[in-house]
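Q: Hi! I've just opened this one and I'd like to walk through it with you. Can we take it step by step?

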Amino acid sequence: MTIAIEAQQLGKAYHVQGMAPPTLFGTCSRWLKRQPREQFWALRDVNFQIPAGRTVGVIGPNGSGKSSMLGLIAGTITPTTGALRTEGRISSLLELGAGFHPDLTGRENVFLNAAILGMPREFVRQRFDHIVDFAGLREFIDMPVKHYSSGMYVRLGFSVAIEMNPDILLVDEVLAVGDMAFQMKCLDRIRQFQKQGKTLLFVTHALETVEQFCDEVMLIHDGRLIMQGPPTDVIFNYLKSYMVRLGMLNVEEHGTRDVEMLGVRFLDEHNDETASFDTGGAMIIEIHYKAHKRIENPVFGFNIKTGNGFYVFGSNTQLGNVPIDSIEGEGFMRLKIQPLTLKKGNFFLSLSIHSWDHSVQYHRREDWHPFAIKDTSDTPGLMQLEHTWEHQADLDG
Amino acid sequence: MNIIETIQTYRELIWNLVARDLKGRYKGSVLGFLWTILTPLFMAIIYIFFLRLIAGRGVPIQNEDIIIGVFAWQFTVQCVSTGTSCISGSANLVKKVYFPRILMPLSITLSALINFLLMLVVQFIIVAVLLFREGGMLDLWTIAVPVIVLYHFLFNFSLVMLVSAANVYFRDTQHVVNLFLSAWFFMSPVMYTFALVQTMTADLPRLQQLYLLNPLAVIISGYRSLQLPGAEFPWSNAALLGWLWPAGLLIIAYMIFQRAQRNFSDML
């Protein structure tokens, strides 16, 4: 298999400068004072290989070096250390409407933008109507783009950009443009690229999109490549180690702490600790609690939400008719979900311990525990629904 | 990839960038292209008026000399002043899209060249009319003017490469450039001729030779001697050197630019 992009010991350092743009005066005075220039490593010791035809997502917190990496691959940034090899023609959706001149009309800017992106003029002439229709800007095409709304501007830029026919396409967070209908068109176009066997590199914060489109995901943090692997695993790792630990998710924990959850473990059907489960298998959640005083009739509850906050299911021991007389001291509560009908994705588990009449929350952890589901079947959707088919031909025919 | 290959590969983009620059410059202005001619024309009229009024007596200068000088000077000014920010002003483009950066100073200089060629047509007409009133006509050598234009273009291109790259690294370059341009104006034979320098430096031949090392001194004198009958080019070793060293400047400017462009997206 050919390698489309290969990075070896890739690193990029920036000189840290003050707030103001660099000036001759500033440089001279710094030179006279012999101040050393500080360096900031945006990317360091990055090694990876991307085979041709793959769709790879790049995720990581803000400022982790994702955009620097795309810049390096696109060739707009020169690496400080290491080497980058690419095979084939690269185009990037890093800047929509690159080089648009506000005083020129949409039509003139289409040709200008296309030339900057390296498209032959003749090709653009042939595709011109298609570009304009894709952007949905037919009646505005002869108007200077300074009168466009920001959405129209970006739509026109995107419509030109996707006419490119590169071997490698770099996409940086640009799918978040336009209204729903336009986004759908964009995603369709991305799928077409995939079908044509192009190599795609995505930078985005939309984890759902990454999961949906990518064969592989790279996690970057503090300029280092932390992990590269299947989307579900990497995204799960990202959510767990970065978002939860660094407090980037909207997780909360509250309660009187008369009863406290000391630990929560995720187990599979063989009682092995895991963080990712198979559709159709079993999921066991073991809560290690400690009641600091005697609590009468406590209720244990849980709920599950998807990565983007959709409430999937919730229940508790009260609704499940499993009343508990009282608890005191330490103990374990085991919740078993079987069969697990959730399908591929990342989910969050919330747990709570409260009083029978819901008046006192002893301990509640909201969206605290992420877990991932792996799915081997081909059926799409959020949940596995048990179903059977029955077919009857028209006998009287 | 060397510069010739780059130009061939990217000729469509170069043309588009030149067109963008030219169209952008005249869109929305009532007089449009006329401004390109009116600016040097008004400048020439002002100089002629004041030179006649104040210093006029005894100074061997013709109106044609000033017209030719101001139009040629405008070519360099236009290149340098628009070229200074041609990279720092397009930060988004430089950071996000890859194409050889040399195309940016090249397209700016090319669009100024196209402007200048149109200006030249007007200049020929004005000079021809002025000469006709005095009973003369344009020198036959006028047909050789394109050679100097080409040379002038390459010299301007070197300057644009230098100032555009410098302005990325030091944003106060544009102030320095403006100061430099005003000094350079007086050090070049724009509103006077080399003959004046010769009279003033009659007893300082060294200074006279030094003066000719200024490429614009030889370029403007060159334009005059080709177009005006009776205007002699002040040939000397220094003048020859004045013609030759910009060739080295072109190569050095190109090398400096190519080195500097690696860090453009970091500095913007």
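Q: What pattern does chain B follow, read along the sequence?
A: Chain B reads α-α-α-α-α-α-α-α-α-α-α-α-α along the sequence. That comes to 13 helices and 0 strands, where helices (H or I, at least four residues) and strands (E, at least two) are DSSP runs numbered from the N terminus. Do keep in mind that this is a predicted model: local features need pLDDT of at least 70, side-chain atom pairs count only at pLDDT 80 or more, and totals for chains, interfaces and linings use all residues. As for labels, residues are numbered from 1 along each chain as its sequence is written, while chains are lettered from A and ligands numbered from 1 in the order in which they are written.

Q: OK, and what is the radius of gyration of chain B?
A: The radius of gyration of chain B is 19 Å, close to the 18 Å from the globule rule for 268 residues, so chain B is as compact as a globular protein of that length. The radius is taken over C-alpha atoms, and the rule is 2.2 Å times the number of residues to the power 0.38. Along the principal axes, the C-alpha atoms of chain B fill a box of roughly 60 × 45 × 35 Å.

Q: How much of chain B is buried?
A: Buried residues are 41% of the 268 in chain B. A residue is buried if 20 or more other C-beta atoms lie within 10 Å of its own, exposed if 12 or fewer, and partly exposed in between, with C-beta atoms placed from the backbone.

Q: What's the mean pLDDT of chain B?
A: The mean is 87, and 96% of the residues of chain B reach 70 or more. pLDDT is the predictor's confidence in each residue, from 0 to 100. For the complex, the predictor gives an ipTM of 0.74 and a pTM of 0.76.

Q: Switching to chain A: how many helices and strands?
A: Chain A has 8 helices and 18 strands. Of its 397 residues, 35% count as buried.

Q: And which domains does chain A have?
A: The assignment gives domain 1 (3-244) and domain 2 (253-374); such bounds come from an automatic or database domain assignment. Taken over C-alpha atoms, the centres of these two domains of chain A are 41 Å apart. Each side gives residues to the contact: 10 from domain 1 of chain A and 10 from domain 2 of chain A. Two residues are in contact if their C-beta atoms, placed from the backbone, lie within 7 Å.

Q: Which elements give two or more residues on the domain 1 side?
A: They are α7 (207-213) and α8 (231-244) of chain A. The largest share, 7 residues, comes from α8(A).

Q: Where do chains A and B meet, and how many residues are in contact?
A: 28 residues of chain A are in contact with 27 residues of chain B. On the chain A side, α1 (24-33), α2 (66-74) and α3 (106-116) each supply at least two residues. The most comes from α3(A), with 5 residues.
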